[in-house]
Amino acid sequence: MFDNLKLGFIGFGNMGQAIATGLINQGAIQGNQIFACAKNWDKLCKNTQEKQINPCKSAKEVVDNVDMVIIAVKPYMIEEVITPIKKELQEKIVISIAANFPFAKYEQILLPNTHHLSTIPNTPVAIGEGIFICENTHSLSDEELDLFTKLFSTISIVQFVETKQLSIGGTVAGCGPAFASMFIEALADAGVMHGLARPVAYKLASQMIVGTGKLQLATNNHPGAMKDAVCSPAGTTIVGVATLERKGFRSAVIDAIDAIENK
């Protein structure tokens with residue numbers, strides 16, 4: 001779909017690999033269109049070999065070979081990594097996937113007129129079911145923004161938010177998979193306790209999450225209405241819902257998000 005695009009990763013950890021995997025598996029780009037560098041050369045070679053991604057010895061080598069650069073290092077490393085290649089980045093589309101590093105922070109590091117956008121993706125991009133939370137404030141041209149949106153829409157919902165909402169959007173979308181995984185594990189444990197084989201329990205719990213999420217997106221129904229539709233009077237589901245309410249299920253989720261935002 002994007003035959004002429006060359007994509008580079010500065011940093012190639014779990015999220016970078018998830019994005020690359022999703023793009024390749026969805027047929028958006030080929031592995032040989034991707035260039036990546038990372039601190040551990042041997043690990044980088046291992047992580048790029050299977051998908052025929054080009055391993056690079058330095059960030060400059062990545063930037064020199066690509067059109068779009070994804071900054072995928074930890075936030076505390078960004079200034080150190082970017083400073084030596086600021087001039088080269090002026091000629092590229094720069095996409096950040098680092099948490100809590102919005103447009104204004106990059107403006108303090110990058111050279112003037114560098115085209116950049118800050119985002120926070122989540123790991124389901126690896127299977128084409130992810131989310132890219134994107135900051136409304138950016139310096140991409142209309143053409144560059146269109147390219148970005150079309151490329152990453154192949155693996156995610158691309159959602160733009162105001163700068164002040166970037167953190168909470170990233171927390172809900174980026175930390176949420178951990179909470180959902182805990183819920184899947186708990187449901188499966190309960191299934192095993194009552195006789196289900198563990199692989200079956202995991203499959204049922206996971207597909208339930210997938211199906212419920214897709215149903216909400218397709219219908220735009222209020223989650224409360226979806227819950228009510230499953231709860232028959234004096235039925236089984238309402239007993240479970242009442243138990244979760246007594247145990248503080250919803251307040252625990254809200255408190256978890258609040259704790260992250262106040263970290």
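Two residues are in contact when they have heavy atoms within 4.5 Å of each other. With that in hand, take G8: leaving aside its neighbours within four places in sequence, G8 is in contact with F35, V62, V66, M68, V69 and I70. What you are looking at is a predicted model, in which local features need pLDDT of at least 70, side-chain atom pairs count only at pLDDT 80 or more, and totals for chains, interfaces and linings use all residues. Residues are numbered from 1 along each chain as its sequence is written, and side-chain values use heavy atoms, with hydrogens and water left out.

Let's step back to the whole chain. Its C-alpha atoms fill a box of roughly 65 × 40 × 30 Å, taken along the principal axes. The secondary structure comes to 12 helices and 8 strands; here helices (H or I, at least four residues) and strands (E, at least two) are DSSP runs, numbered from the N terminus. Of the 263 residues, 38% are buried, where buried means under 20% relative accessible area, exposed means over 50%, and partly exposed lies in between (1.4 Å probe, protein chains only). Among contacts between residues at least 6 apart in sequence, 63% join residues at least 24 apart. The chain exposes about 14,900 Å², and carbon and sulfur atoms supply 56% of that area, as computed by the Shrake-Rupley method with a 1.4 Å probe; for residues, only the protein chains shown count as cover.

UniProt, in an unreviewed entry, places the feature "domain: Pyrroline-5-carboxylate reductase catalytic N-terminal" at residues 6-99. That span is 39% helix and 19% strand, and its end C-alpha atoms lie 24 Å apart. The UniProt annotation "domain: Pyrroline-5-carboxylate reductase dimerisation", also from an unreviewed entry, covers residues 164-262. Over residues 164-262 the chain is 85% helix and 0% strand, with end C-alpha atoms 14 Å apart. UniProt positions are given in the numbering used here, feature names are shortened, and annotations may be inferred rather than shown by experiment.

Now for the sheet. It is an open sheet of 8 strands in the order β3-β2-β1-β4-β5-β6-β7-β8, with mixed pairing. Strands β3 (54-55) and β8 (156-161) stand at the edges, each with a single partner strand, so one side of each is left without a neighbour in the sheet. Two strands count as paired if DSSP finds at least two bridges between them. Strand β1 (residues 7-10) and β2 pair in the parallel sense over 4 bridges, and the bridge partner of F9 in β2 is A36. Strand β4 (residues 68-71) and β5 also pair in the parallel sense over 4 bridges; there, V69 has V94 of β5 as its bridge partner.

Which way do the residues of strand β2 point? I34 and A36 point one way from β2 (residues 34-37), F35 and C37 point the other way, and all are buried. In a regular strand the side chains alternate between the two faces of the sheet.

Back to G8, which sits in strand β1. At 0% relative accessibility, G8 counts as buried. The C-alpha atoms of G8 and C37 are separated by 8.3 Å, although these residues are 29 residues apart along the chain. In strand β5 (residues 93-96) you will find S96, which is buried with a relative accessible area of 1%. Not counting residues up to four places away in sequence, S96 touches I71, F101, Y106, L117, S118 and T119.

Is T21 buried or exposed? T21, found in helix α1 (residues 14-25), counts as buried because its relative accessibility is 18%. Apart from residues up to four places away in sequence, T21 touches K51 and A126.

Two loop residues complete the tour. D67 is found in the loop between α3 (59-65) and β4, and at 35% relative accessibility D67 counts as partly exposed. Leaving aside neighbours within four places in sequence, D67 is in contact with N4, L5, K6, K92 and I93. K74 has its place in the loop between β4 and α4 (78-82), and K74 counts as exposed because its relative accessibility is 54%.
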